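Hello,

I am handing over the structure below. My notes follow it.

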Amino acid sequence: MHSHHPPTVSPLCRAATTGTALLLVVGTAAAPAAADAASPGGGTLTVAVAQQVDSFNPFTAQLAVTTNILSHVYDSLVTNDQVTSNPAPALAESWETSDDGLTWTFNLRDDVTFSDGEPLTSDDVAWTFTTIMENEAAATANGSYVAGFEEVTAPDEHTVVVELSEPQATMESLTVPIVPRHVWEPIIESEGDAFGEYAADGEALPSVGSGPFILTGHDRGQSITLEANPDHWNGAPGFDNLVFRYYAEKDAAVEALRSGEVSFVYELTAAQADALSDASDIAVNFADGKRFQAFTINPGAVTQDGEEFGDGHPALEDRTLRQAIVMAIDNQEIVDKAHGGRATAAGGYIPTRYTDFHWSPEGDEAILAFDPDAANEMLDEAGYELGDDGVRVSPDGDRLELRMHVHQDRPDNVSAGKIIVERLADIGIEVENLTVDPGVLSDALYAAEYDLIFTGWTVNPDPDYVFSIHTCDALPTEPGTMQGDAYFCNEEYDELYADQLREYDREARAGIIHDLQRILYEEAVVNVLTYPDIREAYRTDHIEEGTLLTQPAEGGNIWGQDGYWAFWAAQPVEDGPGAGPNVGGVSTGVWIGVGAVALVLVAGGAFLLFRRRATAEDRE
C-alpha cells in the first residue's frame with residue numbers, strides 16, 4: 001500500500017502584525033490552523049460582486065462566484081494548501097492507495113458535524129459520490145471527478161473506499177462538496193427529473209453544510225449572506241458574517257470600497273488598481289493570473305448524435321481560415337492596450353502560474369505566431385479572394401463578414417474586441433462587434449448563433465476539468481445542453497485526455513497535457529489571448545493586517561482560492577469598522593450602483609454566464 005499523510009495543521013497566529021508588508025503569513029504550516037473555536041470575532045466582511053449565482057445546488061453550480069461561495073459552506077475530502085496550493089487534508093485526514101492505483105482509502109476526521117448538529121460520516125461521502133455517479137443531473141458540476149469510479153463504500157463511519165476502473169490522476173484533487181445525505185436524498189427523490197433546475201434557494205435556506213460558514217440568505221440582485229459556523233472543525237471564522245453585495249458597475253464597487261461600504265473588491269481594471277494603490281486605508285494585491293482570456297470560433301455546431309444546428313459562418317469550418325484569424329492577432333498588443341500591461345501574452349491553455357502544466361508554442365511549434373502577411377498569403381492560396389471593398393469571399397462565395405460577441409461588462413474584453421476588429425480587417429475579414437449583455441452572449445453560445453465569442457476559464461492546480469470540456473462527450477446531447485464553451489470534437493484529443501487522466505506520474509502527465517494544448521492551439525477553435533494578472537483591493541481599517549491570507553503565500557490571490565482560507569482567517573480590526581455589527585452596511589443611495597448583473601467569466605473568474613450550464617471560472 002502507498003500511504004499519503006499530508007502535513008497536519010499547525011498553529012497560525014491571527015493577531016495583528018507590524019510592518020508594511022501587504023499580506024503576511026505567520027508560520028509555515030501546510031494549511032492555516034484551527035482558529036480559536038470559542039466564537040467568531042464579530043462584524044461583517046462585505047465583498048463586492050458583479051456576477052449573479054447560477055444555483056446554490058452544489059451538484060449543479062458551476063459559475064465561479066457560486067463555487068467560491070459554496071467552498072465556504074461545504075467541505076470536501078481534500079483541499080489545497082494555503083501556503084503552497086498542493087493537495088492537503090480536509091475531511092480526510094489521510095489516504096492510502098493500493099499498488100495498482102485502483103483502490104483509494106480515505107480516513108475521515110471524527111470531529112465533524114453539519115450545521116444542523118448531525119455528524120458527518122463516511123455514509124454522507126459515499127452517498128454524495130454515488131449520487132453523482134448515478135444521477136445525470138447531479139453530475140453537472142463534478143461528473144468528471146467520478147468518471148472512473150466503479151464503487152464507493154463506507155466500511156465504517158470514518159472510512160471511505162473508492163474502487164476505480166482504471167487509474168485516475170485527480171484522486172488527490174477531489175474538491176467535490178460533500179453534502180448531508182439526510183437533507184439531499186429527500187430533495188432528489190422529490191425533484192425527480194427536475195433536479196437539474198433545483199436552485200437550493202428561497203425556502204431551502206439556511207443551507208446545511210459542514211463548512212466554516214452557513215448560507216443563510218439570498219436577495220437576488222442585491223446580496224448573499226453567510227453566517228459564521230462557530231462549531232467548524234477547523235475553528236470559527238474571524239468575522240460573524242460574510243456578505244456578497246451586487247454592483248452593476250465595477251466603478252460603483254470601487255467607490256463603495258473607497259467610502260467603506262464594502263471591505264473587498266476583486267477583478268479590478270489596471271487603471272482602477274493603480275488608482276487605489278494611492279488611496280488611504282486601502283491595500284491592493286497583485287497576483288499571478290489563474291485564468292485565461294480567450295475567444296472561440298464556431299467551427300459548426302453539432303450534437304453528440306451529429307445533428308447540426310446554429311448559424312455559424314460556414315467558412316469557419318475551414319481550419320486554414322481559423323488559423324489565419326489567430327495569426328492576425330497580436331496577443332502582446334492586447335496585453336499592452338487592453339490590460340495596461342497587467343497581463344501575460346498567452347500561448348497555451350494553462351497560465352504560466354502552473355509551471356509543470358503550462359505550455360507555450362516555441363520554434364517549429366509556433367505555427368500560428370502573429371504574422372498578418374503570412375495569414376494573408378495563406379488565405380490567398382486557399383482561394384479566399386479579396387473583394388473591391390477589402391473584404392474576402394470564401395471559395396464557396398460567402399463574404400467573410402463575422403459576428404463577434406463580447407461582454408460589455410468587462411472593460412478588458414471590450415478593449416480587446418476593438419483591437420481584434422482592426423487586426424482582422426488587415427487580412428480582409430469584416431467583424432460586426434457585438435458588445436452585449438452577458439445574457440445575450442450566453443443565449444448566442446447555447447444556440448450556436450455566433451461566429452466569434454469571448455470566453456475564459458480559471459484553472460485550478462489540477463487542470464483536468466478545463467480539458468474535459470473539450471472532449472466529444474462534452475458536446476451537447478441536444479441544442480442548449482453543452483458543457484463547455486466550444487463545439488470541439490477531436491479523436492486524437494480524446495485519446496490524450498484519457499491518457500492524462502490515467503497517468504499518476506506528474507512529469508509524464510504534464511507531457512500529455514502539453515500535447516492537449518498543442519492540439520487546441522493548432523485546431524484554432526479555442527484561441528487564448530492573455531493571462532490577466534489578478535488585481536484586488538481591501539480596506540485595511542476593516543480587516544486586520546496580515547490576516548487576509550493569499551494562496552499561495554507568495555504572489556497569491558485572495559478571491560477565487562482553492563479553499564476558504566482568506567475569508568475564514570480574516571479578522572476585524574479591533575475598534576475599527578470591521579469590529580462593528582454591520583461593516584459594509586447599505587447607506588442611502590448605494591443601491592444606485594447595485595443591480596442584478598451576470599458577469600461573464602470563468603475561469604471564476606471565467607466569463608460566460610449560461611442559462612443552464614456555465615462555462616465558469618467555474619471550479620477551474
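Which residues does glutamate 227 touch, not counting residues up to four places away in sequence? They are Pro212, Phe213, Ile214, Thr216, Asp240 and Asn241, where contact means heavy atoms within 4.5 Å.

On the source: this is a predicted model, in which local features need pLDDT of at least 70, side-chain atom pairs count only at pLDDT 80 or more, and totals for chains, interfaces and linings use all residues. Residues are numbered from 1 along each chain as its sequence is written, and side-chain values use heavy atoms, with hydrogens and water left out.

Glutamate 227 sits in strand E10 (residues 223–228). Helices (H or I, at least four residues) and strands (E, at least two) are DSSP runs, numbered from the N terminus. Glutamate 227 has 38% relative accessibility, so it counts as partly exposed (buried is under 20% relative accessible area, exposed over 50%, partly exposed in between, with a 1.4 Å probe and protein chains only). From isoleucine 214 it is 13 residues away in sequence and 5.1 Å in space, C-alpha to C-alpha.

Now the sheet. Six strands make up an open sheet with mixed pairing, ordered E17-E23-E14-E22-E20-E21; two strands pair if DSSP finds at least two bridges between them. E17 (343–345) and E21 (430–436) are at the edges with a single partner strand each, so one side of each has no neighbour in the sheet.

Strands E20 (residues 401–407) and E22 (residues 452–458) run parallel and are joined by two bridges. Opposite isoleucine 453 in E22 stands histidine 405.

Regards
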